Amino acid sequence: MNETKNKNLMHSTAQSLYLNEDFIESMEEIVFIVKVEGPNLFSYQFANSIAVKYLNLGEDYIGKTFHEVQNEEVANKLQANHEQVVKKKANIHFSEEIQLVSGEMMYGETTLNPVVDEEQVCRYILTVIRDMTSRRFEKDLLNQSLLRYRSLIDYNMDAILTVDCRGIITQTNPATTMMFGYEDDSLLGTSIFELIHQSSIESFRMMLNNTLFGQPAVMNTCQFIHADKTERIMNVRFVPIMIDDTVDEFYLMARDVTEEKQKEKTIEYLAYYDALTGFYNRACFIEDIKEVFEIAKEQKQTFALMYMDLDRLKFVNDSLGHDAGDMILKELAARFKKIVSKNPNLAAYRQGGDEFIILSRDTNKEQVELLAKELVEAMREPFHCMGERLNMTLSIGISMYPENGTDVEMLVKKADIALYDIKHKQHRKQTYTFYYEECQQTALHVFNIERYLRRAVENNEFVLHYQPQLNVETGELIGLEALIRWNSKELGMVPPGEFIPIAEEAECIIEIGNWVIANVCQQIKEWNDQNYCIKQVAINLSPLQVETLDIVETIEHHLHINGLSPSQLVIEITESAMKNRTRTAAVLWKLKELGVGISIDDFGTGYSSLSYLAAFPIDMLKIDRSFIQEVGKEKKEEAITTTIIYMAKILGLEVIAEGVEEQSQVDFLKKQECMKAQGFYFSRPVPSEEIVKLFFTNKD
């Protein structure tokens, strides 16, 4: 009977609404019809099966009021909405969250439609609820996606500009303001070409055109103009915005790489220039001499190789300090530049220390002799240094192509022999000489050094001194560098700078090096046995030693027999040892596997190829003293030192500064967070017993 009543009511209502039962049941929306019993009284008359199911109306809902079917909260809301429809006699539409029978929440769009009779009295109200949950979810996802996109743009550290096909800026992110220096939104409507330096416009336009055809593009370096009119180097990416296979706009993503490019230039400068004098360095000379040789050979030209040595520089260093020596070298370089700059066929190089080279292309002996006299004449004016007037002299050894040799090695050797000859001549009347056969007599001195060197180990003529390496912040001893000294019975004290190159050339450096390794390891053991905390001791290896795998076995043997931890030993090699990459890499990796530390000595003054920093297992860089000495005096050298420290940090390497002699240099290192240093400021190299007195003996 209820079913018959329900159908009759449904038909009656449906007819008055111009609907029919099948149509309502086929609807996917929730539909129910309420009869207006009085001004504030409503009863359910019909609901489709979806409404019955989701709204929990029950089987006997027909004729019941809202409060008889629903809970109070829902009933009150239904009551209020229906009263509003009766009062307005107009549709009302709203969105709401509805709790279903299952407990789930449905987001619905609800429409209440009044049904009025001929007297404009509202008799029924038709309610339709459309389930918008999935659409709401999709909308929320879209909003979240837009927020993420906006965050990506707004919080990106790169400048991101939206640019249309005409090059007009239509949108910018906050980083654009910071990077280009313009106020918020002030760039909107501006042509992007107004921000680009003239030198980059053509390349930029080409990239823009490619982007408008849907191709992403990259400009590694693009010159932009900052609001303050300075030039900035940017790395720029072009990303097309594709809509319906059409590009009307693109994203321009810019990253300021000005500082990085400046550091790259500094590093490139270090590779081919001497930081102290500004001359080309040895690496550059090696490349240039090969090119000059080939041209001279092809065009049958004559050229000269002039090896020069500044006499008595060691005396200046020992008496006035290395700062004074560096001042002399810079003044010497300035005098040379005035001469060399007048002739495009001349090029000057600093070989290292007090040695210089001049290449004179397409010349003859007469012209070279005039040049030598001019260089010597430039030395007549005293050098003013630290309140002193110093008279310095220059020794020059000259070899000629093709007279003195038809290959690079021979020319270099004979220029060096000529230099030795003129330096060791007594009562010399001139300070330059061309190579001649009698120059070989001068080599006798070198021969004697070599001969006595071979007996020096056997005669126990070598001694070791140690220079402390300290933490500049705490003064803590963090390590030592072992330095060899030779007290020859025949020659007396021979400086390392004199006998070590000869030992390397004579290949007796291996025996000397093994002596150093053995004695350093024995000394570390003695300190360990006495409970003296020596964290690590650095040993210098020559390039010849580095090239033999036997050195690994030697080091491992002495570590083992003395019961030492490999971490107590650091091997220092110069940049010149990096030339034979394959063999050097093999040795260094084996040492690394052993647990021994690897350090690059005199960094920035030798071979200066930076790629080995990534290729070899290096732990530490030692900043050469020539850079440290310029701290507080030359901005360029300070910048180079800062760059080396910065580069080492980026590569995860330790840094130690050598040649520290002043408090201002210590302060600079602290500021740059380079906490390890050695030099005369802390201590000269001293015998092992002095190390104990300095750091491990209690004092009153």
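In this predicted model, strand S3 (residues 92-99) and strand S4 (residues 105-116) run antiparallel and are joined by eight bridges. The two strands form a hairpin with five residues between them, and Gly103 in the turn has a positive phi of about 95°. Within this pairing, Phe94 has Thr110 in S4 as its bridge partner.

**The mixed sheet**

Another open sheet of five strands has the order S12-S13-S11-S16-S17, with mixed pairing. Its edges are taken by strand S12 (346-352) and strand S17 (432-434); each has a single partner strand, so one side of each is left without a neighbour in the sheet. From one strand to the next, the twist averages 20°. Strand S16 (residues 394-401) pairs with S17 in the parallel sense over three bridges, and Ile396 stands opposite Tyr432 in S17.

Two helices pack on this sheet. Helix H12 (residues 322-340) touches strand S11 (303-310), S12, strand S13 (355-360) and S16, and the direction of H12 makes about 160° with that of S12. Helix H13 (residues 365-377) touches S11, S12, S13, S16 and S17, and the direction of H13 makes about 165° with that of S16.

| Strand pair | Sense | Bridges | Residues facing each other |
|---|---|---|---|
| S3 and S4 | antiparallel | eight bridges | Phe94 and Thr110 |
| S16 and S17 | parallel | three bridges | Ile396 and Tyr432 |

**A helix pair**

Two packed helices are described by the angle between their axes and the distance between the axes. For helix H17 (residues 509-529) and helix H19 (residues 550-561), the axes come within 9 Å and cross at roughly 20°. This angle makes H17 roughly parallel to H19, because angles under 35 degrees count as such. The crossing in which H17 passes H19 is right-handed. On the H17 side, the residues that meet H19 are Asn514, Ile517, Ala518 and Cys521; in H19 their counterparts are Ile551, Thr554, Ile555, His558 and Leu559. By class, this contact has six nonpolar residues, three polar residues and no charged ones.

**Aromatic pairs**

The structure holds 23 aromatic pairs. One of them is formed by Phe204 and Phe224, whose ring centres are 6.5 Å apart and whose planes stand at 90°, so the pair is edge-to-face. Phe204 lies in helix H8 (residues 198-212) and Phe224 in strand S8 (residues 217-225), so this pair ties together parts that are 20 residues apart in sequence.

Terms used: Residues are numbered from 1 along each chain as its sequence is written. This is a predicted model: local features need pLDDT of at least 70, side-chain atom pairs count only at pLDDT 80 or more; totals for chains, interfaces and linings use all residues. Side-chain values use heavy atoms; hydrogens and water are left out. Axes are lines fitted to C-alpha atoms, for helices over the stretch in contact, and angles run from 0 to 180 degrees between N-to-C directions. Helices (H or I, at least four residues) and strands (E, at least two) are DSSP runs, numbered from the N terminus. Angles under 35 degrees count as roughly parallel, over 145 as roughly antiparallel, 65 to 115 as roughly perpendicular and the rest as oblique. A crossing is left-handed if the near helix is turned anticlockwise from the far one by less than a right angle, and right-handed if clockwise. Contact means heavy atoms within 4.5 Å. Ala, Val, Leu, Ile, Met, Phe, Trp, Tyr, Cys and Pro count as nonpolar, Asp, Glu, Lys and Arg as charged, and the others, Gly among them, as polar. Two strands pair if DSSP finds at least two bridges between them. Rings of Phe, Tyr and Trp (its six-membered ring) pair if their centres lie within 6.5 Å; planes under 30 degrees apart count as stacked, over 60 as edge-to-face and the rest as tilted.
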